[in-house]
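I opened this entry to keep track of what I looked up, one topic at a time.

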2 protein chains.
Amino acid sequence: MMGETKPKTRTKTALTGATRKGVETRNRIIKGAREALEQGGMEALTTRRIAASAGVKLATLHYYFDSKESLLLAVLEDLIADMEVTYRQDVALPEAPEDRVEALIRASWRYIQRTRNKQISQTELTLYALRTKGSEWLAARQYNAYIDFYGHLVFVDDRDEDLRRIGRAVARQMLIGIDGIILQSYALQDLSASNDDIEALITAMRGYLRRLLVERDKAR
Amino acid sequence: MMGETKPKTRTKTALTGATRKGVETRNRIIKGAREALEQGGMEALTTRRIAASAGVKLATLHYYFDSKESLLLAVLEDLIADMEVTYRQDVALPEAPEDRVEALIRASWRYIQRTRNKQISQTELTLYALRTKGSEWLAARQYNAYIDFYGHLVFVDDRDEDLRRIGRAVARQMLIGIDGIILQSYALQDLSASNDDIEALITAMRGYLRRLLVERDKAR
DNA sequence: GTCTATAAAATGATAGAC
DNA sequence: GTCTATCATTTTATAGAC
């Protein structure tokens with residue numbers, strides 16, 4: 001959030017005064033872009049399609065965004081902000097950290113199964129950011145947002161420096177597993193194999209967390 | 001390899017007699033597409049750029065491929081075939097299966113670190129296949145090729161049905177971890193964190209393999 | 001089998017009226 | 001702030017000479 005290299009192509013509303021209606025329209029365009037992306041994928045994502053999907057004329061789109069690139073990066077930013085408010089609510093939270101890890105993986109897996117195009121879109125956008133020079137920081141922010149989120153769910157109280165570190169390590173590992181299974185489950189389309197993989201992932205993550213906690217206790 | 005639904009848009013050389021020179025040119029175009037993709041990403045991958053990168057005129061490209069889509073799918077097929085011959089050679093093979101798993105993960109991690117654009121390209125193409133109706137089978141084949149490959153390296157002798165099953169389960173899990181770490185390591189750019197993640201992945205995979213073997217022995 | 005030339009459509013972006 | 005109209009390229013793809 002601090003010290004980031006902001007992209008050269010910033011949106012016009014960031015410069016002007018940002019009217020009420022202006023903000024609404026801008027959000028509608030971003031929303032339209034997300035829907036067009038989910039439906040048709042990156043290859044078919046043109047400014048015209050986005051404008052149509054947002055119920056706005058092409059020129060209006062360009063009034064709010066200097067370029068297609070700046071719009072796509074704004075979409076990714078929106079996705080990040082969205083995650084931070086959406087996910088934070090509806091995850092059941094058992095008491096023990098290990099159980100929370102398990103619950104979190106199961107919840108993610110259910111979500112992945114019913115949001116195929118959304119997940120693919122998100123990966124496409126991440127790759128787009130990694131490909132777009134000067135925008136790699138956005139991909140980093142996306143991952144850090146997820147790591148923060150997962151990390152806080154493992155250890156709600158993060159005043160303990162050690163626990164915070166451990167929570168983030170487990171979060172990174174969970175995220176690796178989830179990203180990996182997104183690609184593989186959509187590609188293989190073998191539900192029973194993916195279910196086995198989820199169980200294996202849960203076992204591994206519980207073990208990893210346990211191990212990190214034991215190591216910490218030893219080091220005292 | 002058998003019983004797959006072939007894409008409607010097949011290449012012209014598959015229909016005609018396939019001259020020596022013709023096959024060479026076709027391969028050069030595919031190679032050119034791979035290089036153009038690695039350098040500029042999907043967004044910038046136009047038929048003109050591919051033709052230029054292959055040292056061929058645009059019309060020649062269209063002589064060999066009905067459409068851009070059929071070319072891209074051919075590129076993914078080529079990537080799969082390439083993996084099967086390239087990887088199979090230069091992986092050091094310790095004796096114990098657990099050690100082989102570890103060696104394989106370490107080798108993959110080294111490779112990932114020095115082939116960023118290649119890995120991103122491959123993921124972009126996989127997503128493209130998942131997005132392209134009627135071509136999901138290609139993504140499945142890609143993953144099955146990797147699973148076969150990793151699986152055979154875990155248990156070289158696969159006449160034992162149980163061992164083959166276990167090898168494939170471990171392979172799927174390794175692939176999940178590797179795919180996940182590809183995205184995360186490029187996004188976060190935090191080498192020490194990624195190194196920790198690799199060690200955790202190794203520990204988890206050794207544990208998973210051990211557990212599957214114990215379960216098998218119990219079931220006798 | 002490879003080329004030159006060109007068609008036909010699509011795309012990102014802008015000018016200027018309202 | 002949103003629109004109509006249009007520009008300037010670019011893109012995929014084809015026709016036809018060699």
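I began with the phosphates of DNA strand C: one of their oxygens is 2.7 Å from an N or O atom in the side chain of B:Thr25. A polar contact here is a pair of N or O atoms within 3.5 Å; within protein, one must be able to donate a hydrogen and the other to accept it, and residues adjacent in sequence count only if both atoms are side-chain atoms. I noted two further phosphate pairs for DNA strand C: a polar side-chain atom of B:Tyr64 at 2.4 Å, and a backbone N or O atom of B:Lys57 at 3.1 Å. Elements giving two or more residues to the surface near DNA strand C are α2 (47–54) and α3 (58–64) of chain A, with α1 (20–40) and α3 (58–64) of chain B. Helices (H or I, at least four residues) and strands (E, at least two) are DSSP runs, numbered from the N terminus.

Conventions, for the record. The model is predicted, local features need pLDDT of at least 70, side-chain atom pairs count only at pLDDT 80 or more, and totals for chains, interfaces and linings use all residues. Residues are numbered from 1 along each chain as its sequence is written, chains are lettered from A and ligands numbered from 1 in the order in which they are written, and side-chain values use heavy atoms, with hydrogens and water left out.

I found 18 residues around DNA strand C, the closest being A:Thr47, B:Thr19, B:Thr25, B:Thr60 and B:Tyr64. A residue counts as near a strand if one of its heavy atoms lies within 4 Å of it. α3(B) has the largest share of this surface, 4 residues. By class I get 5 nonpolar, 8 polar and 5 charged residues near DNA strand C. In this scheme Ala, Val, Leu, Ile, Met, Phe, Trp, Tyr, Cys and Pro are nonpolar, Asp, Glu, Lys and Arg are charged, and the others, Gly among them, are polar. Of the DNA strand C atoms within 4 Å of the protein, 60% belong to sugar or phosphate and the rest to bases.

I then listed the 19 residues surrounding DNA strand D; A:Thr19, A:Thr25, A:Tyr64, B:Thr47 and B:Arg48 are the closest. Which part of DNA strand D is 3.3 Å from an N or O atom in the side chain of B:Arg48? It is a base oxygen. A phosphate oxygen of DNA strand D is 3.2 Å from a side-chain N or O atom of B:His62, and another entry puts a phosphate oxygen 2.9 Å from a polar backbone atom of B:Lys68. α3(A) gives the most to the surface near DNA strand D, with 4 residues. I logged its classes as 5 nonpolar, 8 polar and 6 charged. Sugar or phosphate accounts for 57% of the DNA strand D atoms within 4 Å of the protein, bases for the rest.

Chain A. I count 9 helices and 0 strands in chain A. Its C-alpha trace spans about 60 × 40 × 30 Å along the principal axes. I checked A:Arg206, which sits in helix α9 (residues 191–218) of chain A. Its side chain makes a polar contact of 2.5 Å with that of A:Glu102. Not counting residues up to four places away in sequence, A:Arg206 touches A:Glu98, A:Asp99 and A:Glu102, contact meaning heavy atoms within 4.5 Å.

Helix pair between chains. I looked at helix α6 (residues 116–131) of chain A against α6(B): the axes come within 11 Å and cross at roughly 150°. Axes are lines fitted to C-alpha atoms, for helices over the stretch in contact, and angles run from 0 to 180 degrees between N-to-C directions. α6(A) and α6(B) are therefore roughly antiparallel to each other. Angles under 35 degrees count as roughly parallel, over 145 as roughly antiparallel, 65 to 115 as roughly perpendicular and the rest as oblique. Residues making the contact include A:Ile120 and A:Leu127 of α6(A) and B:Ile120 and B:Leu127 of α6(B). I noted 6 nonpolar, 6 polar and 6 charged residues in the contact of α6(A) with α6(B).
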